[in-house]
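Let us take a walk through this protein together, going from local details to the whole. Have the viewer ready and follow along as the residues come up.

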Amino acid sequence: MTPTRAAMGTALAVLIAAAGACSGSGTETGRAGVPRTETAAAAASANGSEGPAAVNQPGAPNAGEWTLPGRDFAGTRYTPLAQITPANVKNLKVAWTFSTGLARGFEGQPLIVDNTMYIVTPWPNKVFAIDLTDPSGPLKWSYNPPTATAAQGEACCDVVNRGASYADGKIVFNRLDNTTVALDAKTGKTAWQTKLGDIALGETMTMAPLVVNGRVFVGNSGAELGVHGWITALDLKDGHILWRAYSTGPDSLVKIGPDFKPFYADLRGKDLGTKTWAGDDWKLGGGTVWGWVSYDPETDLIFYGTANPGVWNPDLRPGDNLWTAAVFARDPATGEARWAYQYTPHDSWDYDGINESIPVDLTIDGKPRKALVHFDRNGFGSTLDRTTGEVLVAQPFKYINWSTGVDLKTGRPQRVASKETHQGINTQAICPSSTGARDQQPAAFSPRTHLFYTPSTNLCMDYEGTEVSYIAGTPYLGAEVQMYAGPGGKDARGEFLAWDPVAGKKVWGITERFPVWSGPVVTGSDLVFYGTMDGWFKAVDAKSGTELWKFKTGSGIVGNAVTFMGPDGKQYVAIYSGVGGWYGAVALGLSPSDPTAALGAVGAGQDLPQYTAPGGTVYVFALP
């Protein structure tokens with residue numbers, strides 16, 4: 001999901017106008033279950049890495065670079081770099097900064113390729129290439145696109161961009177106006193650009209593409225405007241469309257064929273993408289693809305989640321509303337679906353399923369499993385079998401009360417009737433709120449600790465379904481929402497936590513005043529870096545959660561941390577500082593007088609402007 005511009009109220013319109021524990025002794029198990037000796041790891045550590053197995057994470061062959069949104073195909077956001085350690089991180093200093101000149105929500109992360117840092121900004125989606133070989137940090141080139149102004153008027157939840165991918169000499173990213181662009185990484189000249197959506201229908205593009213083996217995977221945003229969600233594959237050479245698969249509709253549009261074999265019986269059958277809707281409502285049914293895409297070479301599958309169903313008023317769309325709030329596994333060459341699983345059937349709360357799905361190999365009940373780990377907006381941390389979609393583990397990673405658990409035999413969450421939402425009824429104290437137990441900000445996984453590290457949100461809400469009619473390009477919402485702090489109160493609206501995906505339980509957690517909207521990076525020295533909405537950039541011990549270092553940046557952090565090796569042989573850590581996004585929009589000038597603005601986010605965060613202000617700066621840190 002994501003609240004719409006109009007739903008965020010007139011104040012936002014003004015704003016827009018203005019602008020497991022480690023394995024036993026002797027050996028360690030790498031990401032794909034590849035054993036590697038301590039001797040090999042120690043030898044490689046001398047060069048700031050952690051051994052061949054870790055360095056060769058699929059999609060991330062160079063330990064010092066960051067070429068994909070989540071660094072590797074799996075999106076683990078793990079780096080083997082280990083120069084910065086728990087012992088010396090206290091000495092970390094600002095090495096340099098770069099002001100983008102824009103003060104909107106900086107989600108996503110920079111890329112680092114061939115001693116160059118690439119930055120993609122929020123709308124109007126400028127791109128900067130910074131030369132890292134020169135300590136003065138000159139620009140190699142910048143890209144100032146003719147992005148359609150009208151696009152910002154259609155964007156939900158600020159005009160954010162979640163980053164780019166690099167492959168074969170090209171920087172590939174999405175513009176808000178539904179254009180995927182490939183730039184020559186050396187010159188900044190446009191290699192190709194492909195228009196994929198229609199602003200007039202409410203479509204925008206905010207997600208980061210994933211490039212795998214010459215194919216670019218992108219999706220659309222706008223489920224709150226009656227958009228028909230899709231994922232599309234483009235040819236990296238020239239940008240032509242290879243295939244497109246919709247999230248709702250007949251099997252022919254969803255690309256469901258004879259090879260589609262979901263684990264659960266109720267997900268099998270012909271044209272469920274229409275039969276689980278009333279009439280033709282699937283055509284306006286949302287299910288957009290604005291989150292993260294991952295890829296597993298072992299199974300040769302891509303994985304991604306779909307957004308909330310439209311409209312928000314669940315009484316207007318009876319049925320399970322497949323394939324919204326779900327995860328798809330697809331053949332990357334043909335787009336044909338292999339399996340799917342719906343996290344929240346008949347979503348009544350705006351619990352998108354777009355968060356990342358990270359493939360890792362785990363041992364569960366004594367058996368090796370090809371797993372897929374996902375933290376959903378609905379509050380469950382789930383471990384699935386990535387070959388079938390079977391749910392192996394599903395436990396709440398934050399306080400929830402809309403469900404008592406997930407039935408592993410059916411895969412369906414057990415719903416609490418008193419927390420269902422309906423038209424004309426103000427259902428109160430639903431947890432989590434529509435922002436979810438986590439919004440889009442991604443998790444990280446360490447093959448050393450076998451733990452996931454995830455940001456989270458602790459908000460609850462009152463929710464009432466309302467009547468609404470469809471007008472193309474305008475909000476198609478049908479709900480009024482008011483959010484507020486969850487258990488623990490306003491000093492505990494966020495938490496950064498470590499999660500055991502086998503046991504399905506929290507290992508440690510750090511309470512934060514505001515929702516944690518920043519994705520982490522975890523290193524080969526067992527450090528985790530993440531940012532906070534009030535502007536702190538922190539380093540913590542990956543095993544214990546002990547805070548080891550922090551620095552107050554100029555604005556709230558809603559971006560994701562990265563680390564890289566500079567041309568001087570030193571390890572650097574970088575983060576975007578620039579508050580915004582859905583919840584962070586409260587700090588972009590919304591009046592605190594209307595707690596329902598930004599779909600209730602103002603009510604839950606009206607004190608945020610007391611702690612931070614808009615910004616748009618890249619901070620880079622290093623040891624002296």
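Before the first stop, one cut-off is needed: a residue counts as buried when its relative accessible area is under 20%, as exposed when that area is over 50%, and as partly exposed in between. Keep in mind, too, that what you see is a predicted model.

With that cut-off in hand, look at Tyr264, whose relative accessible area is 2% and which is therefore buried.

A search of the whole structure turns up 37 aromatic pairs. One of them is formed by Phe263 and Tyr264, with 4.9 Å from centre to centre and 80° between the planes, an edge-to-face arrangement. Trp517 and Tyr583 give a stacked pair, with 6.2 Å between centres and 25° between planes. This pair links distant parts of the chain: Trp517 sits in the loop between strands E33 (505-512) and E34 (521-523), while Tyr583 belongs to helix H7 (residues 581-584), 66 residues apart. Both Trp517 and Tyr583 are buried. Elsewhere, ring pairs connect Phe529, Phe537, Trp549, Phe551, Tyr619 and Phe621 into a cluster.

The charged end of Lys550 is placed over the ring of Trp536, at 4.5 Å from its centre. Arg77 lies over the face of Trp292, 4.9 Å from the ring centre. With a relative accessibility of 2%, Arg77 counts as buried.

The backbone of Arg77 is worth checking as well. Most residues other than glycine have a negative phi, and most peptide bonds are trans. Arg77 has a positive phi, near 55°. Ala429 also has a positive phi, of about 55°, although it is not a glycine. Ala429 is part of strand E27, and at 32% relative accessibility Ala429 is classed as partly exposed. Where are the cis peptide bonds to look at? One joins Trp123 and Pro124, with omega about 20°; Pro124 is in the loop between strand E6 (116-120) and strand E7 (127-131). Another cis bond runs from Gly310 to Val311, with omega near 0°, and Val311 is in the loop between strand E18 (301-305) and strand E19 (326-330).

Strand E27 (residues 426-430) leads us on to its partner: three bridges join E27 to E30, and the two run antiparallel. Within this pairing, Ile430 has Met461 of E30 as its bridge partner. E30 is also joined to strand E31 (residues 479-485) by seven bridges, again in an antiparallel arrangement, and Gly465 stands opposite Ala479 in E31. Why is E30 described as largely enclosed by the rest of the structure? Six of the seven residues of E30 (residues 459-465) are buried, and so the strand is largely enclosed.

Next comes an open sheet of four strands in the order E28-E29-E32-E33, with antiparallel pairing. Strand E28 (444-445) and E33 are at the edges with a single partner strand each, so one side of each has no neighbour in the sheet. Between them in that order, E29 (residues 452-457) and E32 (residues 494-500) pair antiparallel over six bridges, and Phe452 stands opposite Trp499 in E32.

One more local stop is Ala601, in helix H8 (residues 601-605). Ala601 counts as buried because its relative accessibility is 0%. Its C-alpha atom is separated by 9.3 Å from that of Ser434, a residue 167 positions away along the chain.

Now zoom out. The protein has eight helices and 40 strands, and its C-alpha atoms fill a box of roughly 65 × 55 × 50 Å along the principal axes. Of its 624 residues, 66% count as buried. The accessible surface comes to about 19000 Å², with 52% of that belonging to carbon and sulfur atoms. There are 50 positive and 59 negative side chains, and the centres of the two sets lie 3 Å apart.

Definitions and conventions:
Residues are numbered from 1 along each chain as its sequence is written. This is a predicted model: local features need pLDDT of at least 70, side-chain atom pairs count only at pLDDT 80 or more; totals for chains, interfaces and linings use all residues. Side-chain values use heavy atoms; hydrogens and water are left out. Buried means under 20% relative accessible area, exposed over 50%, partly exposed in between (1.4 Å probe, protein chains only). Two strands pair if DSSP finds at least two bridges between them. Rings of Phe, Tyr and Trp (its six-membered ring) pair if their centres lie within 6.5 Å; planes under 30 degrees apart count as stacked, over 60 as edge-to-face and the rest as tilted. A charge sits over a ring if NZ of Lys or CZ of Arg is within 6 Å of the ring centre and within 35 degrees of the ring normal. Accessible areas come from the Shrake-Rupley method with a 1.4 Å probe; for residues, only the protein chains shown count as cover. Lys and Arg count as positive and Asp and Glu as negative; His and the chain ends are not counted. The place of a charge is taken as NZ of Lys, CZ of Arg, CG of Asp or CD of Glu.
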